[in-house]
Amino acid sequence: MIIHNSYNELFKIGGLTVYTYGLLIAVGLIAAFALFFFLSKKFKLADKSFDFYSLTVIISIVVGFLFGCLFQSIYEWIDSGFKRFSFGGMSFMGGLIGGVALYIIISAIFAKGQARKDFWKVANMIAPCITIAHGFGRIGCLFGRCCYGVPNDSFLSVKYDNFSHPVLATQLLEALFLFILTGVIVFMLLKYKRLDLSLLVYLYGYAVWRFIIEFWRDDIRGAFLIPGLSPSQFQSLVMALIAGALTLYIYYFDRIPFRGKELIGRSFQSVALAEIAEAEIESARAETYNGEKSEAKTSDSEYSQTEADKEET
C-alpha cells in the first residue's frame with residue numbers, strides 16, 4: 001500500500017486545512033468520551049463524580065497534548081546537541097505522563113466526598129477510554145507519516161511516496177493491539193465487573209507491548225537515558241514499575257488510592273459491587289417515588305375535573 005501525502009489532507013475551509021491525522025484524533029476522543037459515558041451509566045457513577053472527572057479529564061487531555069509536544073521537542077533538542085529547540089511534533093508517552101500526572105494532582109487536591117471515593121473506580125473506567133483513543137490516534141499516525149517502523153518488504157509494510165523503501169507499518173500493528181486491549185478490558189468490566197483490574201491490565205499490557213514494538217520502530221530520537229534503549233522503552237519500564245507498585249499497594253497492603261484505610265480486610269471489588277448495588281436500589285426507589293408522585297398528580301387532576309363537572313351540572 002502506497003500512502004501519498006495528499007491522503008493526510010482531507011479538505012480545506014478557507015485557509016484552514018483539515019488533516020486525516022487530526023480528524024482521527026478527534027474521532028478517538030469522541031469514542032473515548034462515549035465509552036466513559038456508557039461505563040459511568042453501567043456502573044452507576046454518581047452524577048457529581050461524573051461531572052468532576054469529566055472536567056478533570058478534559059483539562060488533563062489539553063495539558064497532555066502540551067506535554068507531548070514538549071517531550072518531543074526535548075528529544076529533538078538533545079539529538080541536535082542542544083543547538084536547536086523547536087516546539088512541534090508529539091510524543092504519546094510524554095503526553096500520557098503529563099496528562100495522568102495532572103489528573104492525579106487535581107483529584108488529590110479537589111476531589112471531595114463521593115468523588116474522592118470514586119477515584120479508583122473512575123481510573124479503571126478510564127483505562128479502555130485511553131486505549132480506544134490511542135488506537136485511532138495511531139491510525140492517524142499512518143497518514144501523518146510518523147511512528148513508522150524499520151525498512152521492511154513484508155505484507156506488514158507500507159510505502160510512502162517520498163520514501164525510497166517500504167517500512168514496517170508499526171502504527172497499524174499498535175492500533176490493532178490497542179483495539180484488542182480495549183476489547184479485553186471492556187469484557188472484564190462488563191462480564192466480571194472487575195473495577196479493580198482494568199487499569200493494571202492497561203499499564204502492564206501497554207508497557208510490555210511498547211517496549212517490544214520499539215525494537216521495530218524507526219525511532220531516530222536516540223538513546224540518551226539508558227544506552228541501547230529508546231526513551232519510550234525507558235518510560236515503558238517506569239510504567240511497569242508503577243503498575244508493580246500499585247499491585248503491591250492494592251493486593252498486598254489491601255489499600256486503594258484515596259480511600260485505603262476503610263478497605264483493610266476487604267477487597268475493592270467487593271466494595272465496588274456493593275456500592276453499585278446500593279446505587280441501583282436508590283435509583284429504583286427514586287423511580288418508584290417519581291411514579292407514585294406522577295400517579296398522585298394524575299389522581300388529583302382527575303378529582304378536580306370531576307368536582308368541576310359536578311359544579312357545572
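Asp161 counts as partly exposed, at 38% relative accessibility. Buried means under 20% relative accessible area and exposed over 50%, with partly exposed in between (1.4 Å probe, protein chains only). The model is predicted: local features need pLDDT of at least 70, side-chain atom pairs count only at pLDDT 80 or more, and totals for chains, interfaces and linings use all residues. Residues are numbered from 1 along each chain as its sequence is written, and side-chain values use heavy atoms, leaving out hydrogens and water.

**Salt bridges**

A salt bridge here puts a side-chain nitrogen of Lys or Arg within 4 Å of a carboxyl oxygen of Asp or Glu. The count comes to eight salt bridges.

Asp161 bridges to Arg145, at 2.5 Å from N to O. Asp161 sits in the loop between β4 (157-160) and β5 (167-168), while Arg145 lies in the loop between α5 and β4. The two are 16 residues apart, and the pair links distant parts of the chain. Helices (H or I, at least four residues) and strands (E, at least two) are DSSP runs, numbered from the N terminus.

Glu174 meets Arg138 at 3.1 Å, N to O.

Lys121 and Glu275 form a salt bridge at 3.8 Å, N to O. Lys121 belongs to helix α5 (residues 119-144) and Glu275 to helix α9 (residues 268-312). They are 154 residues apart.

| Residue | Relative accessibility | Class |
|---|---|---|
| Lys121 | 3% | buried |
| Glu275 | 19% | buried |
| Arg145 | 16% | buried |

Shared partners also matter to the layout: Asp118, Lys121 and Glu275 are joined into one network by salt bridges.

**Helix α8**

Helix α8 covers residues 231-252, 22 residues in total. From first C-alpha to last, α8 reaches 31 Å, close to the 32 Å expected at 1.5 Å a residue. The expected span is 1.5 Å times one less than the number of residues.

Which residues of α8 are buried? They are Pro231, Ser232, Gln233, Gln235, Ser236, Met239, Ala243, Leu246 and Ile250. An α-helix has 3.6 residues a turn, so residues three or four places apart point the same way.

Just after α8, Asp254 takes a positive phi of about 55 degrees.
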